[in-house]
Amino acid sequence: MAVDEHLLNLAGLDALESVLGKAPSRWSRVWAMTWPKLGALGLFLAGWQLIVWAGWKPEYVLPGPAKVLPRLWELLFVGEFWRAVGITMRRALAGYAVAVVIGSLLGISIARTRIVRSAIGAMITGLQTMPSIAWFPLAIALFQISERAIMFVVVLGAAPSIANGLVSGVDHVPPLLLRAGRMVGARGVGLYRHVILPAALPGFVGGLKQGWAFAWRSLMAGELIVIVGNKPSIGSRLDFARQFSDSELLIAWMLVILTIGIIIDAAFTKADLTLRRRWGLIDNATR
Amino acid sequence: MTTVAAPVGIDDPITGAAIALRSVSKAFGHGADAVVALDGIDLAVGRGEFVCVVGASGCGKSTALNLMAGLDRPTLGEVEVDGRPALMFQEAALFPWLDVVDNVALPMRLKGVGKGERRGRASELLDKVHLGGQGHRRPHELSGGMRQRVALARSLAQDADILLMDEPFGALDAMTRDLLHDELESVWSGSGLTVVFVTHNVREAARLADRIVLLTSRPGRVAATFEVEIPRPRRIDSPEVSGLAAKVTDRLREEVRRHGSR
């Protein structure tokens with residue numbers, strides 16, 4: 001057979017068999033991700049307004065969206081609002097960053113060494129089920145009413161999920177990839193760096209996302225309990241509104257918390273989707 | 001079945017061979033539950049030779065490859081491999097987080113070859129398997145046949161001089177398989193590569209091999225060897241290849257029948 005003919009056959013077959021990447025346009029993807037959220041928001045507001053109209057509670061206890069949303073809008077132009085959000089977000093990110101480092105180190109040592117796994121593997125999962133608010137009495141005893149008490153609980157809340165995500169990611173690395181990795185000469189640390197950790201990434205991203213949810217919840221609980229002087233935060237503003245029986249302000253702040261949660265969740269979902277698309281995991285899932 | 005056909009091709013004692021198995025046995029498990037996968041195999045593969053190992057399922061073909069690859073040790077006997085083996089599987093086993101070039105370049109990266117050099121060399125290897133210009137793509141964007149060609153390039157990137165292939169085209173359709181036979185032959189010919197190619201497809205063996213080694217099942221023994229003297233390039237549908245395949249198939253049936261009557 002002539003070489004040219006072979007080449008021609010090969011090229012034709014490659015073209016026939018290749019997966020044609022028909023990526024939807026950027027806007028349609030954004031829209032596909034956004035409209036269910038907008039729809040749910042609309043339903044939520046409608047249900048809320050219905051409950052208020054039903055007169056279940058007096059309006060000064062449970063105000064409707066028509067009262068709350070203007071208050072929220074006003075808040076956006078107050079410097080104190082942004083200062084409070086800034087302090088809360090700084091705490092969240094710092095605590096989360098520490099949790100990622102500790103959780104990753106823990107996860108690697110559990111995944112790598114059998115002894116560590118049998119010693120603390122189950123305990124890490126147990127820690128995950130521990131409500132973070134139950135840590136606060138101890139945290140306050142250890143660190144008084146301080147930033148460190150909040151940090152302590154946020155890290156304890158998030159690190160186990162991150163560690164568990166990494167462990168399950170490592171445990172689910174396909175054996176074939178391990179064999180292939182060994183065959184191309186990856187051993188020891190090299191095998192971890194170039195094969196096991198990248199292969200564990202989807203599980204790890206899941207753990208990171210769950211870890212964030214735990215960190216955020218722990219932080220909100222912490223800010224309600226541990227109110228550090230002269231440091232306005234979302235939690236302390238919420239508590240402030242409750243003390244003054246200002247339900248409109250209270251609910252406005254709750255909406256702020258919800259919004260931040262949704263935005264960050266969307267970021268994680270986007271990261272997860274991007275990863276899966278690059279790895280070709282989406283095609284397999286939807287086929 | 002007391003006498004086993006001695007391997008021909010290389011004079012005894014086996015010297016100068018790329019791979020030599022001497023009275024190799026491999027059992028899995030212990031005591032009464034032990035399964036004997038290989039039972040006293042003698043096999044020599046010469047440098048630059050293309051050997052196909054065929055047999056019914058359960059004849060220990062893959063076990064033999066694992067021994068040659070150094071992934072496993074024999075229970076008895078000696079395995080001598082003079083060279084650097086690379087193993088290819090039925091699945092391409094590419095790394096989904098790397099694009100095609102980086103998949104091929106990974107063996108070099110693990111050896112500490114610089115980025116520019118290893119990417120350049122990876123591109124050359126991709127050209128060799130006719131995948132030039134596809135380096136930026138991800139494994140999942142390729143067809144099964146293209147993935148196996150990337151896996152072949154990755155094996156070559158290990159500076160391997162012995163290619164151990166475990167039914168590498170078993171999962172592909174016949175059309176793609178035919179083209180990959182041409183591809184593999186063109187990579188192999190004149191390269192000095194030693195190839196041990198395990199398959200259950202007798203025609204494929206007749207199409208590719210210098211020598212076909214037929215293994216029996218449970219326990220795996222060398223039942224026969226066939227020198228293939230059909231001139232290259234060959235076609236899988238040529239009368240010579242079909243004739244030889246029929247001969248090998250007859251012998252294989254004989255083995256299977258003997259197994260059934262026992």
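Analyst: The helices α4(A) and α7(A) are oblique to each other, because their axes cross at roughly 40°, and an angle counts as roughly parallel only under 35 degrees. This is a predicted model, and every value below is computed from its atoms. Two packed helices are described by the angle between their axes and the distance between the axes. For this pair the axes come within 6 Å, and α4(A) passes α7(A) in a right-handed crossing. The residues of that contact divide into 21 nonpolar, four polar and two charged.

The C-alpha atom of E147(A) is separated by 8.3 Å from that of V226(A), although the two residues are 79 apart along the chain. In the loop between α6 (136-143) and α7 of chain A one finds Q144(A), whose phi is near 55°, a positive value in a residue other than glycine. Q144(A) is exposed, since it has 11 other C-beta atoms within 10 Å, and the limit for that class is 12 or fewer.

The axes of α8(A), residues 175-183, and α9(A), residues 188-199, come within 10 Å and cross at roughly 165°, which makes α8(A) roughly antiparallel to α9(A). The crossing of α8(A) and α9(A) is right-handed. On the α8(A) side the contact is formed by L177(A), L178(A), G181(A) and R182(A), and these meet L191(A), H194(A), V195(A) and A199(A) in α9(A). By residue class, this contact of α8(A) with α9(A) holds five nonpolar, two polar and one charged.

The overall dimensions of chain A are as follows: a compact globule of 287 residues would have a radius of gyration near 19 Å, but chain A has 25 Å, and its C-alpha atoms fill a box of roughly 90 × 50 × 35 Å along the principal axes. Of the 287 residues of chain A, 29% count as buried. Among contacts in chain A between residues at least 6 apart in sequence, 73% join residues at least 24 apart.

The account now turns to the partner chain. In the interface, 26 residues of chain A are in contact with 28 residues of chain B. The elements of chain A that give two or more residues to this side are α1 (3-17), α8, α9 and α12 (247-279), so that α8(A) and α9(A), the pair described above as roughly antiparallel, are listed among them. The greatest share comes from α1(A), with seven residues. The side of chain A that touches chain B divides into 14 nonpolar, eight polar and four charged residues.

Chain B is built from seven helices and nine strands. Its radius of gyration is 19 Å, which agrees with the value near 18 Å that a compact globule of 262 residues would have, and its C-alpha trace spans about 60 × 45 × 35 Å along the principal axes. Of the 262 residues of chain B, 48% count as buried, and residues 24 or more positions apart account for 72% of the contacts in chain B with a separation of 6 or more.

Two local backbone features in chain B complete the picture. The peptide bond from R232(B) to P233(B) is cis, with omega near -5°, and P233(B) lies in the loop between β9 (222-227) and α7 (239-261) of chain B. S23(B), placed in strand β1 (residues 17-28) of chain B, has a positive phi of about 45° although it is not a glycine. S23(B) is exposed, with 12 other C-beta atoms within 10 Å, a count that still falls in that class because the limit is 12 or fewer.

Notes: Residues numbered from 1 in each chain as written. Chains lettered and ligands numbered in written order. Predicted model: local features only at pLDDT ≥ 70, side-chain atom pairs only at ≥ 80, totals over all residues. Rg over C-alpha atoms; globule rule 2.2 N^0.38 Å. Buried ≥ 20, exposed ≤ 12 C-beta atoms within 10 Å, placed from the backbone. Contact = placed C-beta atoms within 7 Å. Axes fitted to C-alpha atoms, helices over the stretch in contact; angles between N-to-C directions. Helix = DSSP H or I, 4+ residues; strand = E, 2+ residues; numbered from the N terminus. Parallel < 35°, antiparallel > 145°, perpendicular 65-115°, else oblique. Left-handed = near helix turned anticlockwise from the far one by under 90°. Nonpolar A, V, L, I, M, F, W, Y, C, P; charged D, E, K, R; others polar.
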